[in-house]
Amino acid sequence: MSLWLWVLVAALACLAIKLAGYLVPTEVLDNPRVSHTAAMVTCGLLAALVVSQTFASGSALVVDARLVAIAVAALALLLRAPFIVVVVLGAVSAALVRALGWG
Amino acid sequence: MSRSAPGVRSAVRQGVSVGLATGAYGISFGALSVAAGLDVWQTCVLSLLMFTGGSQFAFIGVIGAGGAGAAATATAALLGVRNSLYGLQMASLLRPRGRWKPAAAHLTIDESTAVALAQPADDLPARRAGFWATGLAVFGFWNLATLGGALLGDVLGDPARWGLDGAAAAAFLALLWPRLARRQAQAIGVVAALVAAITIPLVPAGIPVLAAAAVTAVVAWFQYREPPHVRADEQEAPA
């Protein structure tokens with residue numbers, strides 16, 4: 001069962017990365033350019049995930065109910081809503097739009 | 001250094017409330033994971049063993065989109081890199097020895113680091129208490145909530161009908177949002193979004209996110225400007 005294999009490999013990789021912070025000599029990770037790059041890669045990954053979760057359908061870019069969900073989520077974040085509220089609003093708005101027959 | 005019992009109590013209270021709040025969105029992780037095609041046990045193993053929310057959402061996101069296991073793993077690992085930078089800070093704060101090191105490392109996540117660093121800098125016991133209380137509370141609630149969400153997701157059926165795909169997009173936006181305070185981060189976000197949008201029709205699912213990460217790393221590396229008080233030759237000195 002290859003999904004099981006990847007679940008375990010990914011989990012252990014993330015664990016090893018955490019442990020590296022405690023074991024790797026500080027000079028390697030403490031470089032400000034390295035920590036800036038790491039912080040920006042986190043931003044870049046999340047931004048790319050927002051795009052792919054909102055617009056990707058297989059290998060096509062599509063506009064559907066998820067666009068409404070992300071717009072509502074952005075509005076909620078502007079109004080400083082907590083994480084869970086943003087997620088629930090995303091689900092509710094996508095479900096509503098679909099119940100109304102679009103996307 | 002002051003050894004304040006009130007400081008420790010307040011740090012523990014904060015940790016538990018952060019744990020409760022995090023548990024609430026563990027439910028959404030569990031449900032989304034099952035919707036993405038993982039079974040209940042795989043979902044629980046991710047929360048128990050990977051235990052870093054961003055990477056977990058990314059892993060199931062790539063799998064759910066039909067991406068390869070290797071691409072999902074690479075995305076999760078890259079998103080986890082920030083934890084090693086937290087670990088660096090927490091190692092000097094906690095100074096864990098021997099078998100405590102893996103435990104501290106496992107609990108090193110956004111929330112535990114944030115609560116530890118939010119305690120007064122001169123109150124080391126409060127900072128340590130904040131780290132351990134938050135880490136343990138999030139671990140407990142996150143895993144319980146994951147199981148609950150996964151069981152719930154199992155009975156919900158078609159994820160799109162319940163807007164769970166919209167929830168996933170919203171979750172990534174909510175994770176990204178607080179990191180966009182600086183102009184450089186906003187620029188990086190735009191670049192990464194464009195790279196993803198351009199590559200989605202061209203390459204297999206999962207790869208666009210990795211391509212965006214690679215471009216981001218190169219841009220960020222050259223975007224970095226050392227603070228004016230640090231001389232260039234000091235900055236470039238080999239470690």
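Predicted model: local features only at pLDDT ≥ 70, side-chain atom pairs only at ≥ 80, totals over all residues.

What follows is a short tour, from the confidence of the model to a single residue.

For the complex as a whole, the predictor gives an ipTM of 0.91 and a pTM of 0.83. Chain B has a mean pLDDT of 89, with 93% of its residues at 70 or more.

## Chain B at a glance

Chain B is helices and no strands: the count is 11 helices and zero strands. Its C-alpha atoms fill a box of roughly 55 × 45 × 30 Å along the principal axes. For 239 residues, a compact globule would have a radius of gyration near 18 Å, so the 20 Å of chain B agrees with that.

Of the 239 residues in chain B, 54% are buried. If you look at contacts with a separation of 6 or more in chain B, 72% of them join residues 24 or more positions apart.

Where the two touch, domain 1 of chain B puts in 10 residues and domain 2 of chain B puts in seven.

On the domain 1 side, helix 4 (residues 69-94) of chain B gives the largest share, with five residues. That side of domain 1 is made up of seven nonpolar residues, three polar ones and no charged ones.

## Where the chains meet

How many residues of chain B are in contact with chain A? There are 84 of them, and they meet 71 residues of chain A. Several helices of chain B supply at least two residues each to this side, including helix 1 (5-35), helix 8 (164-176) and helix 10 (207-223). Helix 4 of chain B gives the largest share here, with 18 residues.

By type, the side of chain B that touches chain A has 58 nonpolar, 20 polar and six charged residues.

## The nonpolar core

The largest nonpolar core has 113 residues, and those with the most contacts inside it are Leu45(A), Ala48(A), Ala73(A), Ala170(B) and Phe172(B). Helix 4 of chain B gives the largest share of this core, 13 residues. Both domain 1 and domain 2 of chain B give residues to this core, so it lies between them. As a rule, nonpolar side chains tend to be buried together in soluble globular proteins.

To see some of this up close, find Ala73(A). Setting aside neighbours within four places in sequence, Ala73(A) is in contact with Val86(A), Leu89(A) and Gly90(A), as well as Ala170(B), Leu173(B) and Ala174(B).

## A closer look at Leu93(B)

Leu93(B) sits in helix 4 of chain B. Is Leu93(B) buried, exposed or partly exposed? Leu93(B) counts as partly exposed, because 18 C-beta neighbours lie inside 10 Å, and being buried would take 20 or more.

Not counting residues up to four places away in sequence, Leu93(B) touches Ala116(B), Arg127(B) and Arg128(B). Arg128(B) is 35 residues from Leu93(B) in sequence, but C-alpha to C-alpha they are 7.2 Å apart in space.

Technical notes
Residues numbered from 1 in each chain as written. Chains lettered and ligands numbered in written order. Helix = DSSP H or I, 4+ residues; strand = E, 2+ residues; numbered from the N terminus. Nonpolar A, V, L, I, M, F, W, Y, C, P; charged D, E, K, R; others polar. Core = buried A, V, L, I, M, F, W, Y, C linked by C-beta atoms within 7 Å. Buried ≥ 20, exposed ≤ 12 C-beta atoms within 10 Å, placed from the backbone. Domains from an automatic or database assignment. Rg over C-alpha atoms; globule rule 2.2 N^0.38 Å. pLDDT = per-residue confidence, 0-100.
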